[in-house]
Amino acid sequence: MAKIVVMDDEDAIRTAITKVIEREGHEVLAFADAAPALEEVNFEEIDLVVSDLVMPTPGDQFVLILQQEGIEIPVIILSANLNEERIQYLTDLGVEHTLSKPFEFAQLVDVINSVLGS
């Protein structure tokens, strides 16, 4: 079982992603934005982050903050606004994987299992 942080400012999406991940047997800490997650979570105890890109505190800014704090953790970025340039930027930033919205939940589970090495 992995400990996974889910961040998405859309309640329905965050709730659905949380349920899917929990069904796979993982523990989920869910947040509507990166700012409260950064305040409340010890990311050294987290196995994976699944984050929306476009939130009040954007997913790419979250990745930069983790890097500044010296925390290495795999991050999967979800977004309806992905193009080749943005995907390359996120990859260069160190994002483990990107997934375009809308996506099938089975796709997300496959990506999570791949990143976690399950």
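1. In this predicted model, Asp60, Val63, Leu64 and Gln67 of helix α3 meet Tyr89, Leu90 and Leu93 of helix α4. By class, the residues of this contact divide into 5 nonpolar, 1 polar and 1 charged.

2. The geometry of that helix pair is as follows. Two packed helices are described by the angle between their axes and the distance between the axes. Helix α3 covers residues 59-68 and helix α4 covers residues 84-93; their axes come within 10 Å and cross at roughly 15 degrees. Angles under 35 degrees count as roughly parallel, so α3 is roughly parallel to α4. The crossing of the two helices is left-handed.

3. The sheet is open and is formed by 5 strands with parallel pairing, in the order β2-β1-β3-β4-β5. Its edge strands, each pairing on one side only, are β2 (27-31) and β5 (97-100). From one strand to the next, the twist averages 15 degrees.

4. Strand β1 deserves a separate look. Strands of a sheet pair through backbone hydrogen bonds, either parallel or antiparallel. β1 (residues 3-7) runs parallel to β3 (residues 48-52), and 4 bridges join the two. Within β3, serine 51 is the bridge partner of methionine 7. β1 also runs parallel to β2, to which 5 bridges join it. Here isoleucine 4 has valine 28 of β2 as its bridge partner. As for burial, β1 is mostly covered, with 4 of its 5 residues buried.

5. Helix α1 (residues 11-23) lies across β1, β2, β3 and β4 (75-79), and runs at about 170 degrees to β2. Helix α5 (residues 105-116) lies across β1, β3, β4 and β5, and its direction is at about 145 degrees to β3.

6. Which residues does valine 109 contact, leaving aside its neighbours within four places in sequence? They are Val20 and Glu24. Between valine 109 and glutamate 24 the chain separation is 85 residues, yet their C-alpha atoms are separated by 8.0 Å.

7. Is valine 109 buried or exposed? Its relative accessibility is 14%. The cut-off for buried is under 20%, and valine 109 therefore counts as buried.

Notes: Residues numbered from 1 in each chain as written. Predicted model: local features only at pLDDT ≥ 70, side-chain atom pairs only at ≥ 80, totals over all residues. Heavy atoms only, no water. Axes fitted to C-alpha atoms, helices over the stretch in contact; angles between N-to-C directions. Parallel < 35°, antiparallel > 145°, perpendicular 65-115°, else oblique. Left-handed = near helix turned anticlockwise from the far one by under 90°. Contact = heavy atoms within 4.5 Å. Nonpolar A, V, L, I, M, F, W, Y, C, P; charged D, E, K, R; others polar. Pairing = 2+ DSSP bridges. Buried < 20%, exposed > 50% of the residue type's maximum accessible area, 1.4 Å probe, protein only.
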